[in-house]
Amino acid sequence: MRKPALVMIAAMTAASLSACTYASQETAVTGSTAAATAAAGLDLASIAVNEEAAALLPADVADRGTLRVGMETTYAPAEYVDVDGVTPIGYDVDIATAVAAALGLEVDIQSAAFDSIIPGIGTKYDAGISSFTITPERVEVADMTSYLSVGEAFAVAAGNPAGISADDLCGATVALQTGTIQQDEATQMAADCEAAGKDALGILTYDSNADAATNVVGGKADVLFADSPIIGYAVTQTGDKLEQLGDAFATAPQGVVTAQGSETTDAVAAALQGLMDDGTLKSILDAWGAADGMLTAAEVNPA
């Protein structure tokens, strides 16, 4: 995909983004192959095929030679599109590429709406790698293998002109990305506000986090609600027109989604564990400033 070092690419991307919004940088990508997604700074030649993990692959995936990964590419810095408008980058892109390499496969990143990925697992996609928080509801319909733990956070316009409190959002309007765990949580918050007889909590949903952030900057919404690494990135990439509100909270593991009880689950879990053990996963997350949340055990459907 990219030849320069990963840190250089991240810096180039940051420098080129608008001071008031980064939505224009997060466009769709379809059917990108390994040639377009190999991680810069991630030397694929240094990733030896994990023979034990590769042996667990189902025959159709092994014969195809590619790992088809569903990903919603508008969630920087986890997964988004580079300034060329085509190339997917981010730590989840690099992780998907490394997992495929460890399995002796090329990676096929397929951009999709976030809430369409899990329904497509096992048919359209072999795996979903797109900042999926592991929840009981998702584990009911798919396997999820843990690799990263992140919190959630709020952001408001710089200076918090509306005087929003992180402890009580009743009366505010929250912007978030459709299909995320934050949508479920905001819906519950709104119900709690109503039950307590407080001012209503408004919820605005968007196809991308970038659009949600842009509408907070523009004043249409009061609060941006997303995973904490995404909030941190949004603050930086909007030229500090946003600021984090309060501390991160509700830390939870994220996981690679695969079909329930599948051979692909076993293969991906073994490949992820190998990448944890040999330091590859840490190197990827270090380059994107996300290593604090790295897990050391690739658990399938952790409690």
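These legends cover close-up views of a predicted model.

**View 1. Helix α5 against helix α12.** Helix α5 spans residues 91-102, and helix α12 spans residues 280-287. Their axes come within 9 Å. The crossing angle is roughly 160 degrees. Angles over 145 degrees count as roughly antiparallel, so α5 is roughly antiparallel to α12. The crossing of α5 past α12 is right-handed.

**View 2. Residues at the contact of α5 with α12.** From α5 come Tyr91, Asp94, Ile95 and Ala98. They meet Thr280, Leu281, Ile284 and Leu285 of α12. Six of the contact residues are nonpolar, one is polar and one is charged.

**View 3. The stacked pair Phe114 and Phe132.** The structure holds six aromatic pairs. One of them joins Phe114 and Phe132. A pair of aromatic rings is described by the distance of the centres and the angle of the planes. For Phe114 and Phe132 the centres are 4.6 Å apart, with 25 degrees between the planes. Planes under 30 degrees apart count as stacked, and this pair is stacked.

**View 4. Where Phe114 and Phe132 sit.** Phe114 lies in helix α6 (residues 114-120). Phe132 lies in the loop between β5 (127-128) and α7 (136-139). The pair therefore ties together parts that are 18 residues apart in sequence. Phe114 has 9% relative accessibility, so it counts as buried. Phe132 has 1% relative accessibility, so it counts as buried.

**View 5. An aromatic cluster.** Tyr80, Tyr233 and Trp288 form one aromatic cluster.

Definitions and conventions
Residues are numbered from 1 along each chain as its sequence is written. This is a predicted model: local features need pLDDT of at least 70, side-chain atom pairs count only at pLDDT 80 or more; totals for chains, interfaces and linings use all residues. Side-chain values use heavy atoms; hydrogens and water are left out. Axes are lines fitted to C-alpha atoms, for helices over the stretch in contact, and angles run from 0 to 180 degrees between N-to-C directions. Helices (H or I, at least four residues) and strands (E, at least two) are DSSP runs, numbered from the N terminus. Angles under 35 degrees count as roughly parallel, over 145 as roughly antiparallel, 65 to 115 as roughly perpendicular and the rest as oblique. A crossing is left-handed if the near helix is turned anticlockwise from the far one by less than a right angle, and right-handed if clockwise. Contact means heavy atoms within 4.5 Å. Ala, Val, Leu, Ile, Met, Phe, Trp, Tyr, Cys and Pro count as nonpolar, Asp, Glu, Lys and Arg as charged, and the others, Gly among them, as polar. Rings of Phe, Tyr and Trp (its six-membered ring) pair if their centres lie within 6.5 Å; planes under 30 degrees apart count as stacked, over 60 as edge-to-face and the rest as tilted. Buried means under 20% relative accessible area, exposed over 50%, partly exposed in between (1.4 Å probe, protein chains only).
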